[in-house]
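Please look over the sequence and the structure shown here before reading on.

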Amino acid sequence: MRILFVCLGNICRSPLAEAAFRREAERLGLDVEIDSAGTGDWHVGRPPDPRSIAVAARNGVDIGGLRARQVSPADFDRFDHIVALDRENLANLRRMQAPGSRAHLSLLLDHVPGREGEAVADPYYGEDAHFDLAWSDAVAGAQGLARSLKARA
Ligand code: 4NP
């Protein structure tokens with residue numbers, strides 16, 4: 001099974017979701033391939049934002065080796081699940097998806113009971129506290145998604 005996490009720039013939120021989900025999938029023994037991407041192309045080839053690298057490091061995960069890429073049409077056939085970090089990115093993904101392609105699209109916090117429809121807020125113009133919040137939302141979503149995939153496996 002292949003899972004792709006998508007935000008706008010692929011430098012703040014989706015690298016955190018990718019890292020949090022990788023940790024959760026390992027914990028539950030899920031056989032998954034995990035990646036992240038952005039709907040935008042401004043940061044392609046760049047490492048995650050230093051503030052995302054820092055919050056991941058504070059939580060014991062090294063994301064410094066990740067590099068941003070943009071979502072491509074092929075992703076909709078390669079991935080089983082494409083998980084958006086907010087509603088705008090989900091709407092853009094829905095517009096990009098060709099009819100009949102493989103991927104099931106969802107919002108990350110749809111996988112957290114009681115938080116369906118909520119966005120992981122964009123921390124790019126925020127403070128460190130916004131990155132801490134993005135991390136804890138990423139973990140909550142990753143745990144919910146991993147649990148439901150495990151239950152279905
Ligand atoms: P991300 O955050 O979508 O969580 O990676 C952003 C990164 C860059 C920009 C906006 C959001 N930007 O406008 O360049």
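## The sheet

Over six bridges, strand 1 (residues 2–7) pairs with strand 2 in the parallel sense, where strands are DSSP runs of E with at least two residues, numbered from the N terminus, and pairing requires that DSSP finds at least two bridges between the two strands. Within strand 2, Asp35 is the residue that stands opposite Leu4. This is a predicted model, in which local features need pLDDT of at least 70 and side-chain atom pairs count only at pLDDT 80 or more, whereas totals for chains, interfaces and linings use all residues. Residues are numbered from 1 along each chain as its sequence is written, and side-chain values use heavy atoms, with hydrogens and water left out.

The open sheet is formed by four strands in the order 2-1-3-4, with parallel pairing. Its edge strands, each pairing on one side only, are strand 2 (33–38) and strand 4 (104–107).

## Helices across the sheet

Helix 1 lies across strand 1 and strand 2 and runs at about 170 degrees to strand 2; helices are DSSP runs of H or I with at least four residues, and angles run from 0 to 180 degrees between N-to-C directions of axes fitted to C-alpha atoms, for helices over the stretch in contact, contact meaning heavy atoms within 4.5 Å.

## Ser14

Ser14, in helix 1 (residues 13–28), is buried, with a relative accessible area of 0%, where buried means under 20% with a 1.4 Å probe and protein chains only. Leaving aside neighbours within four places in sequence, the residues in contact with Ser14 include Cys7, Ser36 and Leu85.

How values were computed:
Buried means under 20% relative accessible area, exposed over 50%, partly exposed in between (1.4 Å probe, protein chains only).
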